[in-house]
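Me: I am new to this structure and would like to know what the terms used for it rest on. Please take them one at a time.

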Protein chains: 2
Amino acid sequence: MSATPGELLARVVAGDRRALGRAMSLAEEGSPAGREVLRALYPRTGAAHRVGVTGFPGAGKSSLVDWLATGYREEGSRVGVVAVDPSSAFSGGAILGDRIRMMRHTTDPGVFIRSLATRGQFGGLSKATHDVADLLDACGYERLLIETVGVGQDEIDIVRTADTVLVVLVPGMGDDIQAIKAGVLEIADVFVINKADREGAERLERELLAMLSLAPARGGDGTPAIVRTVATRGDGIQDLMVAIAEHRRRAQASGQFRERRTAQGESRFLALLRDRLVAETLQRLEAAGTFAGILAAIAERRLDPYAAVEQAAALLQGSRS
Amino acid sequence: MSATPGELLARVVAGDRRALGRAMSLAEEGSPAGREVLRALYPRTGAAHRVGVTGFPGAGKSSLVDWLATGYREEGSRVGVVAVDPSSAFSGGAILGDRIRMMRHTTDPGVFIRSLATRGQFGGLSKATHDVADLLDACGYERLLIETVGVGQDEIDIVRTADTVLVVLVPGMGDDIQAIKAGVLEIADVFVINKADREGAERLERELLAMLSLAPARGGDGTPAIVRTVATRGDGIQDLMVAIAEHRRRAQASGQFRERRTAQGESRFLALLRDRLVAETLQRLEAAGTFAGILAAIAERRLDPYAAVEQAAALLQGSRS
């Protein structure tokens with residue numbers, strides 16, 4: 001496939017799934033052709049509802065996403081799934097085997113599933129996620145389910161700018177509940193108590209309610225809803241779809257939806273700007289033959305990192321003027 | 001306390017613990033005074049052995065660190081503990097209550113414990129961790145235990161540049177073992193099977209050995225050791241201390257230790273450089289009155305983020321020459 005960006009774009013717009021996948025790969029690789037397609041499609045984005053799904057590994061997020069995809073398909077919506085897995089960048093994708101669960105959707109042209117594991121040196125995963133979501137959005141996938149494998153900082157940063165954020169918990173997580181509360185309390189728009197047929201679902205819901213009553217009042221979109229599900233058999237999925245729709249309605253009415261969209265744009269702009277500035281600077285330092293010397297001096301404690309940055313900045317300033 | 005940086009430095013060097021804590025706070029805040037102290041102390045750093053400790057919440061890392069601190073104190077070493085908790089940046093420090101377990105060390109002047117939760121917009125936690133570790137190193141704390149609460153990407157990035165990395169696992173984690181393997185396999189120098197009196201310790205060790213036999217051969221410091229502990233009662237701590245010392249010895253002999261130190265320096269330099277470049281750029285954009293306009297245009301899909309970065313770069317180029 002050596003289509004020009006223009007040809008690729010035309011095929012993507014025409015609904016060619018292979019072309020869409022190819023555009024995603026190019027965007028992930030950060031190739032100029034991928035960028036060109038993204039830029040051309042950007043004005044067509046914005047219609048999709050982006051739903052982030054996060055929670056500890058083993059909470060059943062993949063099954064939930066699977067059922068939500070089914071539910072939205074039954075409503076007639078087209079569904080894009082973006083599975084974000086930073087950990088598999090180390091192992092080459094072990095966890096993505098999970099995706100096999102989504103197999104029943106693979107023959108449905110109304111569902112597009114993409115797993116992302118590539119992680120560049122500077123937050124490349126967040127960039128790739130937004131790019132892939134934009135491509136899906138521009139191609140008319142109206143429901144985007146952005147699922148993370150865990151609740152690492154990277155993953156929280158990725159989902160927190162979604163339009164609606166689901167945090168999936170399970171009963172009986174014991175001491176871990178403290179960690180979960182601490183890390184994701186503020187980003188949840190809807191709490192999902194999955195595996196709600198297990199002992200402790202009642203208690204978990206009480207704990208969540210107690211916690212929410214203590215939390216500072218949220219403006220705009222109100223207190224997060226709590227929904228119980230048993231994703232393995234599809235229980236509670238309708239309730240969850242209602243809660244998601246309800247969150248969007250409230251957020252749109254209050255203006256919070258728009259604020260979140262602006263924050264999405266800001267974080268993308270800053271990430272791209274940062275990548276560009278750092279890449280440009282390193283290129284200049286390497287061209288000037290100073291990069292290796294700086295690193296050696298820091299390691300040998302002859303130069304402190306703060307002074308090194310001053311030196312590098314001065315060099316760049318000099319080479320520009 | 002409104003000491004000048006010079007006075008503060010003198011007090012830190014004289015072994016004043018309150019001054020050391022103050023210098024850490026200043027460094028965390030990114031204040032110029034903190035930077036001045038850090039820069040002056042940088043040539044004194046490098047002697048400490050930096051041991052990173054990571055693993056899922058609930059694996060017993062805090063207890064292990066507690067016992068290691070005790071063990072090193074018995075050997076006559078001074079011990080610094082840096083507890084890194086990105087999640088508590090949301091909740092204001094819920095998990096740091098954990099630190100109460102370390103209470104028995106609080107009256108020991110040979111132990112210094114610092115919890116870090118502050119997280120700036122651009123990887124501030126990594127910067128703060130390195131700064132605090134440097135301050136401890138320069139003040140003669142010979143064993144630095146850098147503990148993360150979870151295994152998020154941020155936390156992995158922080159510990160992976162330590163001289164020796166411990167990955168703490170517990171038997172019976174079920175499906176989660178896949179996630180753990182995938183995320184942290186490559187960064188472990190020593191695997192700790194904690195709570196080894198539980199059922200499944202044998203099986204976990206076999207799984208680890210099988211996994212290690214499949215992993216690509218590691219140069220320099222050899223295959224990671226596996227040590228069993230029961231941290232709640234201090235079992236296996238001596239073995240763990242031996243494994244840690246042995247890793248350092250092998251890494252030093254092979255040159256891998258030095259390589260890791262260079263990587264430490266590189267990641268710090270790049271992080272600081274990135275912060276500086278982005279801060280400078282945003283300042284310029286805000287001064288030019290264009291930042292808010294760019295964000296609004298992106299949110300309204302009138303401008304794509306890639307084009308926005310080009311515009312910003314052009315503006316900066318123009319304003320410099």
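Reply: In helix 1 (residues 5–13) of chain B, Leu8(B), Leu9(B) and Val12(B) are buried. The model is a predicted one, in which local features need pLDDT of at least 70, side-chain atom pairs count only at pLDDT 80 or more, and totals for chains, interfaces and linings use all residues. Residues are numbered from 1 along each chain as its sequence is written, and chains are lettered from A and ligands numbered from 1 in the order in which they are written.

Me: What makes a residue in helix 1 of chain B buried or exposed?

Reply: A residue is buried if 20 or more other C-beta atoms lie within 10 Å of its own, exposed if 12 or fewer, and partly exposed in between, with C-beta atoms placed from the backbone. Leu8(B), Leu9(B) and Val12(B) are buried, so each has 20 or more such atoms within 10 Å. They cover an arc of only 100° around the axis, which puts them on the same side of helix 1 of chain B; the arc is that of the directions from the helix axis to the C-beta atoms. Gly6(B) and Glu7(B), on the other side of the helix, are exposed.

Me: What covers the buried residues of helix 1 of chain B?

Reply: The cover includes helix 2 (17–29) and helix 3 (32–41) of chain B. Helices (H or I, at least four residues) and strands (E, at least two) are DSSP runs, numbered from the N terminus.

Me: Why are strand 3 and strand 7 of chain B said to stand at the edges?

Reply: The open sheet of chain B has 7 strands in the order 3-2-4-1-5-6-7, with parallel pairing. Strand 3 (111–116) and strand 7 (225–228) each have a single partner strand, so one side of each is left without a neighbour in the sheet. From one strand to the next, the twist averages 20°.

Me: How do you know that strand 2 and strand 4 of chain B pair?

Reply: Two strands pair if DSSP finds at least two bridges between them. Strand 2 (residues 79–84) and strand 4 (residues 143–148) of chain B have 6 bridges, in the parallel sense, and therefore count as paired. Ala83(B) has Glu147(B) in strand 4 as its bridge partner.

Me: Where do the domains of chain A lie?

Reply: Chain A is divided into domain 1 (1–44), domain 2 (46–259) and domain 3 (270–320), with bounds from an automatic or database domain assignment. In domain 1, 12 residues are in contact with 11 residues of domain 2, contact being C-beta atoms, placed from the backbone, within 7 Å. Helix 2 of chain A gives the largest share of that side of domain 1, 6 residues.

Definitions and conventions. Axes are lines fitted to C-alpha atoms, for helices over the stretch in contact, and angles run from 0 to 180 degrees between N-to-C directions. Two residues are in contact if their C-beta atoms, placed from the backbone, lie within 7 Å.
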